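Subject: Structure for your files

Hello,

Here is the structure I said I would hand over. My notes on it follow below.

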Amino acid sequence: MALSRPLLLALLGVALLGATVFAVQNARDKAADDPAPVAQQTADPAAPATSTPAQSASVAPAELLRTGVTAESLESAAFRGALTFSSGGVRNVIKTSGAFELGGPKETPKVDFHLSVRANSMNLNAAGGFVTTGDRAWFTRGDTGYAVPQEAWSKLVEARQSGAAPAGDIPTMNIDPSRWLGDVKSEGTEQMDGVQVTHVSGDVNPTKAVIDLAEAMSESSPLPNAEQRLRQGGLTDGHLDAWVGDDKIVRRVSLEMSGKRDGGRRVNAAFELDLSGVNKPQNITRPAKVKNALPSGAFGQFATGFVAGLGNRLGVSADDLRLGVPNTNAHVKAERAVADNRKVVIFFENPKGFDDKAVSRSVRTLDRRTKSVVVLTDDVRNADRYESMLEDLGVNQAPAIVVIGRSG
């Protein structure tokens, strides 16, 4: 929905950030809190001496690499990537796979994204994904899809079609590889994914790269003492290989980084990403099993935040999306009962409220004792669905009971 065209650059950023997160996680608390040595604050002697591409190589390979990782012409592809990071004998792995079709500027992209994380240093072992066929969307675990409420997703699709302005500030990620790439050169050509590709390589200064990324993310996700902490991650050497097609789109990226942490412990990180079926139709379908609700627990909280973030980018507020609000048809039943000149009692509740539970018991008793009154219960956040029936009552707190006579 909010995929940016420079997809490969973003994935490289994720690789660098992921490696840094693992490195910082493995750092000793004292080392993280102590100020970095003055020598490290002003220079990084362990880092490779880098120069601008114009100084170390012809312009063509550097320009080919730059255009390859920010390709505006990338419209669709299948992808598979992996990030590994090890320190002190502890190995962490993040794997991702899937496919996407971006479509036109007002179309909803089709995406099939899967992610698995096995981070032993964090005692984390999790997997999940996200699938959208454009008009529908699901968060996935295994072969089960948890549907994004259609009312919410339809608003996002409509906002995309209308080109609505963002509902809030959108952080930008201005990452400039020229600041941390050097000695860029061509390693020759070969065939890959049905096209001729040029193998381009370059040295990477991981410290500069992760600091560049941290600064780019500082508005939305500030990292206290970023430079100090990132230097303490231990990554000092890096090398990037990319295979760029004649269409100026990367087919493969390989990034390796290494260094030594406190005590001489070796730190190694590697990121690999492969694209296939570039700019060809992708087979993106709904999950095999579907549940008509968002997942529960931490995954559900992430899913809610993810959809709300998409809404923010497309000009739809979280309140408009009504995430977490039960989708009932009580307002429809109330309208029918009023049209039939029946008495109606509507109990608006906050399911988590203490007083609401006591009132709820009374309402259930009323429902059992009388057949001449239509008794309904609804979430107070759905009060606006009753429109003209409640427009003069201003129901906005719970518990609240509305009684409607036969005359309406």
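Buried here means under 20% relative accessible area, exposed means over 50%, and partly exposed lies in between (1.4 Å probe, protein chains only). Helices (H or I, at least four residues) and strands (E, at least two) are DSSP runs, numbered from the N terminus.

Please note that this is a predicted model, in which local features need pLDDT of at least 70 and side-chain atom pairs count only at pLDDT 80 or more, while totals for chains, interfaces and linings use all residues. Residues are numbered from 1 along each chain as its sequence is written, and side-chain values use heavy atoms, with hydrogens and water left out.

H11 covers residues 330-339, and its buried residues are Ala330, His331, Ala334 and Ala337. Viewed down the axis of H11, the buried residues fall within an arc of 120°, so they line one face of the helix. The arc is that of the directions from the helix axis to the C-beta atoms. An α-helix has 3.6 residues a turn, so residues three or four places apart point the same way. Arg336 and Ala339 are exposed and sit on the face of H11 turned away from its buried side. Just after H11, Asn341 has a positive phi of about 60°.

**The three-stranded sheet**

An open sheet is formed by three strands in the order E14-E13-E15, with mixed pairing. Two strands count as paired if DSSP finds at least two bridges between them. E14 and strand E15 (400-404) are the edge strands, each pairing on one side only. From one strand to the next the twist averages 15°. E13 and E15 run antiparallel and are joined by five bridges; Ile346 has Val402 as its bridge partner in E15.

H11 packs on this sheet and touches E13, E14 and E15, and its direction makes about 155° with that of E14. Helix H12 (residues 354-369) also packs on the sheet, touching E13, E14 and E15, with its direction at about 160° to that of E13. Axes are lines fitted to C-alpha atoms, for helices over the stretch in contact, and angles run from 0 to 180 degrees between N-to-C directions. Contact means heavy atoms within 4.5 Å.

Strand E7 (residues 181-192) and E8 run antiparallel, joined by eight bridges. They form a hairpin with two residues between them, and Asp193 in the turn has a positive phi of about 55°. Leu181 has Val204 as its bridge partner in E8.

E8 pairs with E9 in the antiparallel sense over eight bridges. Asp203 stands opposite His239 in E9. E9 and strand E10 (residues 250-260) are antiparallel as well, with nine bridges, and Leu235 has Gly259 as its bridge partner in E10. The E9-E10 hairpin has four residues between its strands, and Lys248 in the turn has a positive phi of about 65°.

Both E8 and E9 are mostly covered: seven of the 10 residues of E8 are buried, as are nine of the 11 residues of E9 (residues 235-245).

Thr198 lies in strand E8 (residues 195-204). Is Thr198 buried or exposed? Thr198 counts as buried because its relative accessibility is 15%. Its bridge partner in E9 is Val244. Beyond its neighbours within four places in sequence, Thr198 is in contact with Leu64, Ser186, Gly188, Thr189, Ala242, Trp243 and Val244.

Ser97 lies in strand E2 (residues 90-101) and counts as buried because its relative accessibility is 19%. With the neighbours within four places in sequence left aside, Ser97 is in contact with Phe79, Arg80, Asp112, Phe113 and His114.

**Nonpolar cores**

The largest nonpolar core has 31 residues, of which Leu74, Phe100 and Val204 touch the most other members. Helix H5 (59-69), strand E1 (76-87), E7, E8, E9, E10 and strand E11 (266-276) each give two or more residues to this core. E11 provides the largest share, five residues. Another core, of 17 residues, lies apart from it and includes Phe130, Phe299, Leu310 and Leu321. A nonpolar core is a set of buried Ala, Val, Leu, Ile, Met, Phe, Trp, Tyr and Cys residues joined through side-chain atoms within 4.5 Å.

Regards
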